[in-house]
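Have a look at it first, then follow the notes below.

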Amino acid sequence: FANLGTLPDHNHFLLQATGLLEQQPELCARLVELFRRPTLQVKGRALLLDLLAGTGTPEAQVALVQALSSREAAGEARYDMLLSRLSLVSHPTSDTVRFAERTYASTQGALRVASTYTLGSTAGALYRQEKSPEAWAAVQRLAEDLRASKAPEEQAHFLMALGNAGVVE
């Protein structure tokens, strides 16, 4: 199904597959192998990332970051769409937030926009769950970048990213 990027019963498949990955976390690394296949199309890559993000375990997040860090991911014209899958992780680890921060710090254009939203949602989720000082610093960086921005469109992206963070403070 990953080769096609479509499933006969998408929601049912996702529930079963994420359940299997939770029960057998070693399978997450195998999805990275599938992700790296040169014949896999972007829809298939997105599906694999959805599975890992939906699973959300620390092992799944390691695999998710590995896949997004791969040469194959970086070579995708729609890398911004792939990166946005990281926002779907409901309980991000510190390592996942660090990856989002590194991506945010090193990108521009459409990828910068995607990384802004991704950093907001991952850092915000980690902060809301654990009151992590590191996650708080990442949210604060977005707020500081908003204050420094002079471009209305860029300001709108920062505001939406802070909305993704969902941090009352």
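**Helix H8 and its surroundings**

H8 is a helix of 22 residues that spans 31 Å from first C-alpha to last, close to the 32 Å expected at 1.5 Å a residue (the expected span being 1.5 Å times one less than the number of residues). Helices here are DSSP runs of H or I with at least four residues, numbered from the N terminus. Keep in mind that this is a predicted model, where local features need pLDDT of at least 70, side-chain atom pairs need 80 or more, and totals for chains, interfaces and linings use all residues. Residues are numbered from 1 along each chain as its sequence is written, and side-chain values use heavy atoms, leaving out hydrogens and water.

**H7 meets H8**
- The axes (lines fitted to C-alpha atoms over the stretch in contact, with angles from 0 to 180 degrees between N-to-C directions) of H7 (residues 94-105) and H8 (residues 109-130) come within 9 Å and cross at roughly 155°.
- That makes H7 roughly antiparallel to H8, a label for angles over 145 degrees.
- Contact means heavy atoms within 4.5 Å, and the residues that meet include Tyr104 in H7 and Leu119 in H8.

**Salt bridges**
- The whole structure has eight salt bridges (a side-chain nitrogen of Lys or Arg within 4 Å of a carboxyl oxygen of Asp or Glu).
- In one of them, glutamate 72 pairs with arginine 36 at 2.8 Å, N to O.
- Glutamate 72 sits in H5 and arginine 36 in the loop between H2 and H3, so this pair ties together parts 36 residues apart in sequence.

Terms used: Helices (H or I, at least four residues) and strands (E, at least two) are DSSP runs, numbered from the N terminus. Angles under 35 degrees count as roughly parallel, over 145 as roughly antiparallel, 65 to 115 as roughly perpendicular and the rest as oblique.
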